[in-house]
Amino acid sequence: MLLRCSAAFAIVADAQERGAAGASNYPALAGPGREFFVRASARGMDEVGLDRQQIAAALTAEARDLRDAGTLDKVMPVCLPLLVAPDD
């Protein structure tokens with residue numbers, strides 16, 4: 001779920017940067033989303049033993065799935081509370 005949320009935050013942060021419609025429905029994610037991504041990636045490497053390439057591949061797959069399935073707006077309410085304490 002951490003990687004899925006990282007992908008969701010990256011998608012929204014990119015949309016916010018581009019000024020895309022609907023992106024302003026969420027809090028600004030450039031800084032907090034990046035911090036979450038770093039922590040989640042480190043956790044994936046430490047706890048699961050993934051390397052950087054595997055993390056990148058997993059994030060790409062998660063982002064693709066969120067876009068293809070159109071589930072970003074369903075995932076964001078679950079992910080946003082994790083911004084407070086992604087290591088808990």
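**Exercise 1.** Does F36 count as buried or exposed, and at what relative accessibility?

Solution. The model is predicted: local features need pLDDT of at least 70, side-chain atom pairs count only at pLDDT 80 or more, and totals for chains, interfaces and linings use all residues. Residues are numbered from 1 along each chain as its sequence is written, and side-chain values use heavy atoms, without hydrogens and water. Buried means under 20% relative accessible area, exposed over 50%, and partly exposed in between (1.4 Å probe, protein chains only). F36 has 1% relative accessibility, so F36 counts as buried.

**Exercise 2.** Classify the aromatic pair of the structure.

Solution. Phe, Tyr and Trp rings (for Trp, the six-membered ring) pair if their centres lie within 6.5 Å; planes under 30 degrees apart are stacked, over 60 edge-to-face, the rest tilted. The structure holds one such pair. The ring centres of F9 and F36 are 5.1 Å apart and the planes stand at 85°, so the pair is edge-to-face. F9 belongs to helix 1 (residues 2-18) and F36 to helix 2 (residues 30-48), so the pair ties together parts 27 residues apart in sequence. Helices here are DSSP runs (H or I, at least four residues), numbered from the N terminus.

**Exercise 3.** Locate the buried side of helix 2.

Solution. The buried residues in helix 2 are G33, F36, A40, S41 and G44. They cover an arc of only 130° around the axis, so they lie on the same side of helix 2. This arc is taken from the directions from the helix axis to the C-beta atoms. The face turned away from the buried side carries exposed R34 and D46.

Methods:
Helix = DSSP H or I, 4+ residues; strand = E, 2+ residues; numbered from the N terminus.
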